[in-house]
Amino acid sequence: MPTLLIVHHTPSPNCQALFEAVVAGATTPEIEGVRVVRRAALSATASDVLEADGYLLGTPANLGYVSGALKHFFDQVYYPCLDETRGRPFGYYVHGGNDVTGAVRAIESITTGLGWRPATGAVTVTGEPGKADVEACWELGATLAAGLADADA
């Protein structure tokens, strides 16, 4: 059974709303045959990454960059996972108070280095998430999970 690993840093109610929408989309009953694993960024391991078939990342934009927790995750898994995870699909969402540019650039740079393949566009949200933002996160989760289910069929 393919596995989708959701790695997130969820320090605020706004990030929590986006995370919950991603999980709801990824675990919707219409998508069968995909195991969804959730890990806080500070507890996710290289083993989690190696055991997964696709990735969904979530972070706040802090001081113009990804959260320290997500950066720590990448620091821990980069070299142990570099060769074995090339070509695997991923997606991500970023929440910021007013700008997410630096965080987006960081995620795209790191995942390019890992050789991960974007499965869909990023969801970027500034300010309080609205209904469309929450729906976009639901779609992000569903798209990643459905892609893994289709690849396994």
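The model is predicted, and its secondary structure comes to five helices and seven strands, which run β-α-β-α-β-β-α-β-α-β-β-α from the N terminus on. With a radius of gyration of 14 Å, close to the 15 Å that the globule rule gives for 153 residues, the protein is as compact as a globular protein of that length.

**Overall shape and surface**

- Taken along the principal axes, the box filled by the C-alpha atoms is roughly 40 × 35 × 25 Å.
- Buried residues make up 49% of the 153 residues, while the protein exposes about 7100 Å², of which carbon and sulfur atoms supply 50%.
- Among contacts with a separation of 6 or more, 84% are accounted for by residues 24 or more positions apart.

- In soluble globular proteins, nonpolar side chains tend to be buried together.
- The largest nonpolar core holds 30 residues, and Leu-57 and Phe-73 are the ones that touch the most other members; the elements that give two or more residues to this core are E1, helix H2 (46–51), E3, H3, E5 and helix H4 (101–114).
- Apart from this core lies another, of 22 residues, which includes Val-22, Val-23, Val-36 and Cys-137.
- Once its neighbours within four places in sequence are left aside, Phe-73 is in contact with Val-7, Ala-41, Ala-44, Val-49 and Leu-57.

**Helix H1**

- Helix H1 covers residues 13–26, and at 1.5 Å a residue its 14 residues should span 20 Å, which agrees with the 20 Å between its end C-alpha atoms.
- The buried residues of H1 are Cys-15, Leu-18, Phe-19, Ala-21, Val-22, Val-23, Gly-25 and Ala-26.

**Aromatic residues**

- The structure holds six aromatic pairs, one of which is the stacked pair of Tyr-55 and Trp-116, with 4.2 Å centre to centre and 20° between the planes.
- Because Tyr-55 lies in strand E3 and Trp-116 in the loop between H4 and strand E6 (117–118), this pair ties together parts that are 61 residues apart in sequence; both Tyr-55 and Trp-116 are buried.
- Tyr-78 and Tyr-79 form an edge-to-face pair, at 5.1 Å centre to centre and 80° between the planes, and Tyr-79 is exposed, with a relative accessible area of 65%.
- One aromatic cluster is formed by Tyr-55, Phe-73, Phe-74, Phe-90, Tyr-92 and Trp-116.

**Individual residues**

- Leu-63, placed in the loop between E3 and E4, has a positive phi of about 55° although it is not a glycine, whereas most residues other than glycine have a negative phi; at 92% relative accessibility, Leu-63 counts as exposed.
- Ser-67 is found in the loop between strand E4 (65–66) and helix H3 (68–81), where Ser-67 is buried, with a relative accessible area of 0%.
- Leaving aside neighbours within four places in sequence, the contacts of Ser-67 are His-9, Thr-59, Pro-60 and Asn-62.
- Ser-47 lies in helix H2 and is partly exposed, with a relative accessible area of 43%; the C-alpha atoms of Ser-47 and Val-77, which are 30 residues apart along the chain, are separated by 8.5 Å.

Notes:
Residues numbered from 1 in each chain as written. Predicted model: local features only at pLDDT ≥ 70, side-chain atom pairs only at ≥ 80, totals over all residues. Heavy atoms only, no water. Helix = DSSP H or I, 4+ residues; strand = E, 2+ residues; numbered from the N terminus. Buried < 20%, exposed > 50% of the residue type's maximum accessible area, 1.4 Å probe, protein only. Contact = heavy atoms within 4.5 Å. Expected span 1.5 Å × (residues − 1). Core = buried A, V, L, I, M, F, W, Y, C linked by side-chain atoms within 4.5 Å. Rg over C-alpha atoms; globule rule 2.2 N^0.38 Å. Areas by Shrake-Rupley, 256 points an atom, 1.4 Å probe, with all protein chains shown as cover. Phe/Tyr/Trp six-rings, centres within 6.5 Å; stacked < 30°, edge-to-face > 60°.
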